[in-house]
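Morning, everyone. I have one model to walk through today. Let me put it on the screen.

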Amino acid sequence: MKQILKDVSMFASLEEDELTALAKISQIYDYKEGETLFVVGDISSVLMLLVEGIASVFKHDDKGNEIVISYFKRYELLAEAATLRHTPLPSSARFQTEGKLIKIDLEEFEKLFMMHPGISYAILQSLLNKIELLQQNIHFNIAKKSIDKILHFYRTNPRLSLDLKQYEIASVLGMTPETFSRNLRKLVKEKKLTKVSTGYKIVS
């Protein structure tokens, strides 16, 4: 556990005894593809850190359709804003792949580490990233053309775009896989995107 925590940039500023204390209040869990991490309305008693795999965070609209908010990958916190406020989680999450999640006892974490400057800064950066994600979702919702949404996604998520399947990116952008594929082909033809071995990327 200590070695895994050492590899997480959030905990890079911790001394050896602090890492030992953190490891004592942390547990790692294995998940299968499709397995649920949490559901909307839960109140989490643990801070959740994704350490392997890709997880999707989603909600349902009033018609019951699943709307993917975003996908998260290695060494990212999940639902930390609601967790640290001790309020119900605003969304649900599941693993898109096999994965591992570290759960850190929230009560003990707050006692031991919330005043630590390195930890506080890392949590602030994580929350700022979530705000940027929200801004991206707003952009996706107000963009008039599907092609604009696709270009914006590939421009702002170069690494994540290579990890996700096409239908998963389509879900994030709120469009059907068919619409996504059609516009993807058009962007390649216009030389705005180029195909690589693991997917597509913006043409420099």
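Start with L164. It lies in the loop between α7 (160–163) and α8 (166–172). Helices here are DSSP runs of H or I, at least four residues, strands are runs of E, at least two, and both are numbered from the N terminus.

A word on where this comes from. This is a predicted model, where local features need pLDDT of at least 70, side-chain atom pairs count only at pLDDT 80 or more, and totals for chains, interfaces and linings use all residues. Residues are numbered from 1 along each chain as its sequence is written, and side-chain values use heavy atoms, with hydrogens and water left out.

Back to L164. Is it buried or exposed? Buried, because its relative accessibility is 7%; the cut-off is under 20% relative accessible area, with a 1.4 Å probe and protein chains only. Beyond neighbours within four places in sequence, L164 contacts I54, Y71, F153 and I169. Contact means heavy atoms within 4.5 Å.

Next loop: S91, between α3 (80–85) and β7 (92–95). S91 is buried too, because its relative accessibility is 8%. Leaving out residues up to four places away in sequence, S91 touches F38, V39, V40, V57, F58, K59 and I69.

Now strand β3, residues 46–52. Six of its seven residues are buried. Which strands does β3 pair with? Pairing takes at least two DSSP bridges between two strands. Strand β8 (residues 99–105) runs antiparallel to β3, with six bridges. There, E52 has K100 as its bridge partner. Strand β6 (residues 76–78) is also antiparallel to β3, through three bridges. Here L50 is partnered with E76.

Definitions and conventions. Buried < 20%, exposed > 50% of the residue type's maximum accessible area, 1.4 Å probe, protein only.
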